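Reader: I would like to learn how to read the features of a model like this one, step by step. Could we go through it together?
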Amino acid sequence: MTSSSPIVIVGAGVLGLCTAFELHRRGRAVLVVDSGGLNASLVAAGMIAPAMESAIDDVSVDRARLFRAGRDLWPAFATAADIALAHRPAEWRGGDVQAMEARLRALGFDARRDGAGVTTNDDHQVEPTQALAALRQALGEAVVAGMVTTIARTDGGWRLEVSDRWLDAEGVVLATGAGDAIAGLPETARRLIADIEPIRGQIGMAAGHLVDHVVRGPGAYVTPMASGAAIGATMEPGRRDTAPDAEASERLTQAAWAALGRSPEPLSIEWRVGIRGATADGLPLAGAAPGEEGLYLALAPRRNGWLLGPLVGAVVADAIEGRTASPHARALDPGRF
């Protein structure tokens, strides 16, 4: 182990790459190791949506404030990483529109009635494919393909077995999604990972222009994408199967047309499934693993990985650098469990 050993980030989803980029722009040596398997961050619409997510889940004012803080980091982060950040209205249609408007306002978000719906300008969006590619490009050769099979403590840091070689690391950040614990991890970290609940999410990519801004309603959303539109999304706790489900596809499609207020039309839709991770309180694990020097977690953002990516990256980077934890860092501290 030498002082030139990098921080190794295991996993190249949104949390792993945001953490790596945050460390990189602070001048830290990083190496991202990714197995190349199914990446749930790509099976997403790239919502940076503190307002709608807060109102739909009817969260507390403190939780809404945390989500807003996550969004507020995005403009500078996107500029630094060359990520295209879209500032689009988000509209809710159907169901109890008046209650949705009241929740948005009570949580401190912009809300205005537009005909039969309520619209907010507090939500943004990225294209997951473009955003992940931009982060990878910014990190260059620091992103490598490989499967981490074993991790071991050393006198000055950590060693990781990657395929047929060993890597030395000053510190390790686990950003492995809803995956199993790596062999050799300390028991505390293994328990935290074991308690992460998998959540199956199905989303459809439609080849056709359906909307020019995000439209949400009971049971579905429709959002513009570079390839056409995204229709989503299911949240199915406890499931890890990744084959698209025909009944879910039909249910999402019908709910999407209802939200749009239009009769169903023939569409070419590619259905995709990703497995996300969630903790008991719905917030990610971000920061130092309890009692383990040099081991950090960036895991389990539920459906808010894109919203909270830069915030998780900053929280983990602060922990690595020994900076004073922010109030938001305390809310995400793995030690809370």
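Reader: Which strands does helix H9 lie across, and at about what angle does helix H9 run to E20?

Author: Please keep in mind that this is a predicted model. Helix H9, which spans residues 305–321, lies across E1, E13, E20 and strand E21 (295–299), and helix H9 runs at about 15° to E20.

Reader: In what order do the six strands of the open sheet come, and what is the pairing?

Author: The general idea is that strands of a sheet pair through backbone hydrogen bonds, either parallel or antiparallel. In this structure the open sheet is formed by six strands in the order E9-E2-E1-E13-E21-E20, with mixed pairing. At the edges are strand E9 (143–145) and strand E20 (285–288), each of which pairs on one side only. From one strand to the next, the twist averages 20°.

Reader: How many bridges join strand E1 to strand E13, and do these strands run parallel or antiparallel?

Author: Strand E1 (residues 7–10) and strand E13 (residues 171–174) run parallel and are joined by four bridges.

Reader: Turning to individual side chains, is Leu-132 buried or exposed?

Author: A residue is called buried when its relative accessible area is under 20%. Leu-132 has a relative accessible area of 6%, and is therefore buried. Leu-132 has its place in helix H6 (residues 128–139), and, if residues up to four places away in sequence are not counted, Leu-132 touches Ala-12, Gly-13, Val-14, Leu-17, Asn-39, Ser-41, Leu-42 and Trp-306. Leu-132 and Cys-18 are 114 residues apart in sequence, and their C-alpha atoms are 9.0 Å apart in space.

Reader: Which residues line the largest cavity, and what is its volume?

Author: The structure holds one cavity of 30 Å³ or more, and the largest cavity has a volume of about 40 Å³. Arg-216 is among the residues that line the largest cavity, together with Met-47, Ala-49, Arg-88, Pro-89, Ala-90, Asp-123, His-124 and Val-214. By class, this lining has five nonpolar, one polar and three charged residues.

Conventions. Residues numbered from 1 in each chain as written. Predicted model: local features only at pLDDT ≥ 70, side-chain atom pairs only at ≥ 80, totals over all residues. Heavy atoms only, no water. 1 Å grid on protein atoms, 1.4 Å probe; cavity = no way out; pocket = protein on both sides within 12 Å on 5 of 7 lines; lining within 4 Å. Points joined across faces, edges and corners; volume = space filled by probe spheres on them. Nonpolar A, V, L, I, M, F, W, Y, C, P; charged D, E, K, R; others polar. Pairing = 2+ DSSP bridges. Helix = DSSP H or I, 4+ residues; strand = E, 2+ residues; numbered from the N terminus. Axes fitted to C-alpha atoms, helices over the stretch in contact; angles between N-to-C directions. Contact = heavy atoms within 4.5 Å. Buried < 20%, exposed > 50% of the residue type's maximum accessible area, 1.4 Å probe, protein only.
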